[in-house]
Structure formats: structure tokens, C-alpha cells
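Visitor: Please take me through one part of this model, its pockets, and what surrounds them. I would like one connected account with the cut-offs stated.

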Amino acid sequence: MLNPKKISNFNNNCMINKFNQSTFQHICDNLAQSDADLVRIIEAHGYPPMWSRPNKFETLVHIILEQQVSLASALSALNKLRERVQEITPARVLLLTDEEFRACYCSRQKTAYIKYLAEALLSGQIDLNTFEQMPDDEIRTQMIMLKGIGNWTIDVYLMFVLQRADIFPIGDLAAVNALKRVKNLPKETTREDILLVVGQWQPYRTVATMLLWHFYLSERHK
């Protein structure tokens, strides 16, 4: 049984936009205090991992590879690229031919996306390091201009890489399906209604989503 406990008020300047390893479980508890469905996830499956990835080109390549395929397939392609170039950097991937990309399980479309991203980084069109200090909306405005980078990719980047605390990836089927099961929502629940439901978790929708993913993965492994 999850023991109720008083959750400290976090400094808004530090917590409203970001979370970290030291605050992650406290935020889970804070969310669970006002949502019995999240309490049940923690009671049944424990706390979720705090999924995170480094802020580098390889991570964005990995997220691109994850678009609309299984996580295992994406990781297999990423590992093939690693074998081919040793270190996945913009300059190195641009040396690969289309045939070499295909040998690494990269589709023609994703090959184009990866090359475009590499060129954008090398030209200075975007700078991943500057994103760390930028507001979410400004990051989204810059990234959405890149070929092959849509809102789902940006959401995952903000959540996993920059640890932005208040993102719900409405385009993520696992998160949406887990929400419907946890909240007992009809299959035909609209996007607008889903956003209203997750609005109760502001300003920590990212952490609530990680609880949903944890539920989804734990139930699938049963």
C-alpha cells in the first residue's frame, strides 16, 4: 500500500519546467495524492523508471528511427549504424551512401530525415546545447521546421532529453491507450477530451505519462 505522506512544495523556478532524478519520485507521489488511478499504478507496479537520454545527435537519430515502428526494430537499426560508423555524428553519417543506410535497416524516408538533421546541425541551423535553456514552445518552433521532425518526436525529445515536466505526447498510442485503460475511457474518446483529462496533471504531465508507460509495459509483460 502506498503510504500517504506530505509532499513538500517545490520551488516553482526549479520545478515548473523540469524534473530530475532527485525529484522524480516526489512528483509521482504528488500526482498520486490527487489521483487514485495513479496510486493504483504505483501500488501494483512500483515507481516507473525515469527514462532519460543524452542531448546529442545520436539520440535524435534514435527517436527518428522509433517513429511508427517497434522499439526493438529502432534499436536494431541504431546498433547497425553504430557498427557502420563507430560513433554516430552528423559528419560521419553524411559519408554513408543510401545503400549503406539500407544495410542498417533505415528506410529511404528515414535516411532522408537523418541526413537533413545532420546538415541542420552542421550548418548551425539548430544547436542542441542552446535548447537546454530555451522554453518548450521556442524549441518546438525551431524543431518543427526540420524535415521528418513532428510533434511526437519533439515531445519525446523534451521529455526524455531535456526533462521538461509538463508534456503529454498526444500522438503516442501507448500513452493514449494506457490512459484509456487506467481511466476507463471509451475507445472513441476524442483528442480534445483526452487533453482535458490529462490537464488535471499539470504542471507534471510528463511524469504522469511515464506512470502510464510504466503501466502499459508492466501489463504487457504479464
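Guide: The lining of the second largest pocket holds 7 charged residues, 4 nonpolar and no polar ones. In this count Ala, Val, Leu, Ile, Met, Phe, Trp, Tyr, Cys and Pro are nonpolar, Asp, Glu, Lys and Arg are charged, and the others, Gly among them, are polar. The model is predicted, so local features need pLDDT of at least 70 and side-chain atom pairs count only at pLDDT 80 or more, while totals for chains, interfaces and linings use all residues. Residues are numbered from 1 along each chain as its sequence is written, and side-chain values use heavy atoms, with hydrogens and water left out.

The residues that line this second pocket are Asp136, Asp137, Arg140, Asp155, Asp166, Ile167, Phe168, Ile170, Arg191, Leu195 and Arg205. A pocket is an open set of points on a 1 Å grid over the protein atoms alone, where a 1.4 Å probe fits and protein lies on both sides within 12 Å along at least five of seven lines; a set from which the probe cannot get out is a cavity, and lining residues have an atom within 4 Å of a point. The volume of the second largest pocket is about 200 Å³, where volume means the space filled by probe spheres set on the points, with points joined across faces, edges and corners. Helix H10 (136-143) and helix H13 (191-198) each supply at least two of its lining residues, and H10 gives the most, with 3. Helices here are DSSP runs (H or I, at least four residues), numbered from the N terminus.

The largest pocket contains about 940 Å³ of space. It is lined by 30 residues, and those closest to its centre are Glu66, Val69, Leu71, Trp152 and Asp172. By class, the lining has 14 nonpolar, 11 polar and 5 charged residues. At least two lining residues come from each of helix H5 (71-85), helix H8 (108-123), helix H11 (151-161), helix H12 (173-183) and helix H14 (205-220); H11 has the largest share, 5 residues.

Glu66 sits in the loop between helix H4 (57-65) and H5. Its relative accessibility is 8%, so Glu66 counts as buried (under 20% relative accessible area with a 1.4 Å probe and protein chains only; exposed is over 50%, partly exposed in between). The side chains of Glu66 and Arg53 are joined by a polar contact of 2.8 Å, that is, a pair of N or O atoms within 3.5 Å; within protein, one must be able to donate a hydrogen and the other to accept it, and residues adjacent in sequence count only if both atoms are side-chain atoms. Leaving out residues up to four places away in sequence, Glu66 touches Arg53, Leu71, Ala74, Lys110 and Trp152, with contact meaning heavy atoms within 4.5 Å.

Of the 16 residues of H14, 12 are buried, including Arg205, Trp213 and His214. The buried residues of H14 pack against helix H2 (24-33), helix H3 (36-45), H11, H12 and H13. In the loop between H13 and H14 lies Pro203, and the peptide bond from Gln202 to Pro203 is cis, with omega near 5°.
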